[in-house]
Amino acid sequence: PKKISSLILTAAKELTGSSEGFIAESNPHTKDKVVQAERFLSVPVFMEGKLTGQIALARPLQDYTNADLEVLQRLYNLYALTLQCYHYEQEQENLKQQLRQSQKIEAIGAFSGGIAHDFNNILAIILGNIGLILYKSTENSFLQEKLSQAEAACFRAKALIQQILTF
């Protein structure tokens with residue numbers, strides 16, 4: 001963009017004999033150096049069918065020549081190119097941000113899936129031991145009731161983990 005700005009100022013100087021008017025637009029300290037303009041030329045800049053800007057030139061006393069209009073065409077092309085580069089850079093940055101967000105979500109999914117899988121393995125061991133104790137235990141209704149409750153809680157936890165893995 002700095003190179004393009006330099007090219008635009010060079011073309012402006014070639015067109016008007018001075019780039020001070022262009023600099024004065026963006027620099028309040030040079031406002032007193034702006035030349036009184038009698039001829040004004042404004043060219044809309046379209047990009048992809050949308051109005052994206054305008055090039056406005058002013059010139060003292062003289063009419064615009066064909067050479068001036070050729071310089072204006074170069075200015076127009078540089079301006080349009082600058083805007084196009086800016087829009088593409090913005091679009092590229094947006095796409096990079098979306099990719100980073102997508103990668104974060106994917107990493108969270110892989111991480112939570114790994115944890116859920118490990119937890120599911122732990123529950124399988126607990127359920128296996130509960131089942132073995134229930135099978136081998138004698139008629140101790142208190143112990144069997146507590147183990148049955150623990151077994152039911154493990155099955156609920158296993159169903160919950162399955163939902164996480166499905167998500």
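Analyst: Happy to! A nonpolar core is a set of buried Ala, Val, Leu, Ile, Met, Phe, Trp, Tyr and Cys residues joined through side-chain atoms within 4.5 Å. Buried means under 20% relative accessible area, exposed means over 50%, and partly exposed lies in between (1.4 Å probe, protein chains only). This is a predicted model, in which local features need pLDDT of at least 70, side-chain atom pairs count only at pLDDT 80 or more, and totals for chains, interfaces and linings use all residues. Residues are numbered from 1 along each chain as its sequence is written, and side-chain values use heavy atoms, with hydrogens and water left out.

The largest nonpolar core has 10 residues in all: Val43, Val45, Met47, Ile55, Leu57, Leu72, Leu75, Tyr76, Ala80 and Leu83. In soluble globular proteins, nonpolar side chains tend to be buried together.

Leaving aside residues up to four places away in sequence, Val43 touches Gln54, Ile55, Leu72 and Tyr76, where contact means heavy atoms within 4.5 Å. There is also a second, separate core of eight residues, with Ala116, Leu123, Cys154 and Ala157 among them.

Back in strand 2, which spans residues 50-59, you will find Ala56. Ala56 counts as partly exposed because its relative accessible area is 36%. Between Ala56 and Pro44 there are 8.5 Å in space, C-alpha to C-alpha, and the two are 12 residues apart in sequence.

The structure holds zero disulfides, a disulfide being a pair of cysteine sulfur atoms within 2.5 Å.

Finally, look along helix 3, which covers residues 66-136 and includes Asn120. Asn120 is buried because its relative accessibility is 15%. Not counting residues up to four places away in sequence, Asn120 touches Lys158 and Ile161. Ile122 lies in helix 3 as well, but at 47% relative accessibility Ile122 counts as partly exposed.

Conventions. Helix = DSSP H or I, 4+ residues; strand = E, 2+ residues; numbered from the N terminus.
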